[in-house]
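This report looks at the disulfides of the model shown here and then at its nonpolar cores. Please keep the sequence and the structure in view while reading.

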Amino acid sequence: MLAALCALAAVLLLSACGTRVAGSTDGATPTGSLPWTLASPSRVTGAQLADDQRTLTVSVRVPDGKQPCVRALKAAVTDSANNTVWVQITFSSPSGDRHSGCTGERTASTRVRLPAPLGKQRLVVDYDNQFTTDGAKLPALRLCGELGCHPPATGCTTASYEQAEIAADVPAHTYRDAEHCDGKWLVLDFSWRTGPVCGDTTASPAGCASRLGDRWFFRAKPAGWAPITSSAAGGCKVVQRAEPAFPTSLCSGLAPLSASLHPSYPPPSPSPSTSTSTSTSPSASASPTRSQLP
């Protein structure tokens, strides 16, 4: 009986020792006990194409720490159509739990073979990173911007005005009310919903109903329209204080913007069941030339 008890005690002692991890501290959770989940890189940093025009190497940022943080990093072609090739990067990681220690990042690379030579096709990695061979210094592909691989030429065009909106980082659902442009200098008037929180019936005007006009001034640069300053004031004083070269001909006639500046909303078409009813819509002080509806 004594021998049996000693043997049992030895087994329990060895089992307890087996739960410790070399180099770990008391209370720490070993990486191996945490769930490894499917993840995507935080950022795509570059793409290179081999001489065969089909072997693609993509560099990305992945989790990093003292313990292993990444397994099965791979790139896969998910689609190829409309002159575009889509590639998705995935890996497994325990980084969703901070106990894993995977709180840093490092650069890692993975390869994939494209179904055909890339040529002049666009390469889209992880949905929103566009690359192209056009204008690239191969083997590195050129990373395209928000306006795509071939942004519109800077000028007095709708596409160019949209580039200016992005450069000014205007709020979502912004309306462009007026443009003043000579090809080298630009003035854009904007309006958007703002004011008290929706549902505040005590606010004046009512919540979600107030609107604010704003005006941005731009100068043409090689990369597109570059913001100079913004102001709701009329005339040239504000913009010429920031940029004395701004032409007076584009700003002297600008009237101050009113807080009532807002886009107009056409009345809804009556349905057959409500054709006998009437409705009205609020008037607007300016008609938008563009809208970004939700």
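## The link between Cys156 and Cys181

About the S-S bond of Cys156 and Cys181 the torsion is about -80 degrees, so this disulfide (a pair of cysteine sulfur atoms within 2.5 Å) is left-handed. Cys156 sits in the loop between strand 9 (142–143) and helix 2 (158–168) while Cys181 belongs to strand 10 (residues 175–181), so the pair ties together parts that are 25 residues apart in sequence. Helices (H or I, at least four residues) and strands (E, at least two) are DSSP runs, numbered from the N terminus. The sulfur atoms of Cys156 and Cys181 are 2.0 Å apart.

Cys156 has a relative accessibility of 38% and therefore counts as partly exposed, and Cys181, at 21%, counts as partly exposed as well. Here buried means under 20% relative accessible area, exposed means over 50%, and partly exposed lies in between, with a 1.4 Å probe and protein chains only.

## Basis of the values

The model is predicted, so that local features need pLDDT of at least 70 and side-chain atom pairs count only at pLDDT 80 or more, whereas totals for chains, interfaces and linings use all residues. Residues are numbered from 1 along each chain as its sequence is written, and side-chain values use heavy atoms, with hydrogens and water left out.

## Other disulfides

A search of the whole structure finds four disulfides, and one of them is formed by Cys69 and Cys102, with sulfur atoms 2.1 Å apart. This pair links distant parts of the chain, 33 residues apart, with Cys69 in the loop between strand 3 (55–64) and strand 4 (71–81) and Cys102 in the loop between strand 5 (84–93) and strand 6 (104–113). The torsion about the S-S bond of Cys69 and Cys102 is about -90 degrees, so the disulfide is left-handed, and both cysteines are buried.

Cys144 and Cys149 also form a disulfide, their sulfur atoms 2.0 Å apart. With 90 degrees about the S-S bond, the link of Cys144 and Cys149 is right-handed, and both residues are buried.

## Nonpolar cores

A nonpolar core is a set of buried Ala, Val, Leu, Ile, Met, Phe, Trp, Tyr and Cys residues joined through side-chain atoms within 4.5 Å. The largest has 23 residues, and those with the most contacts inside it are Leu56, Val87, Leu114, Leu123, Val125 and Leu141. Strand 2 (43–49), strand 3, strand 5, strand 6 and strand 7 (122–125) each supply at least two residues of this core.
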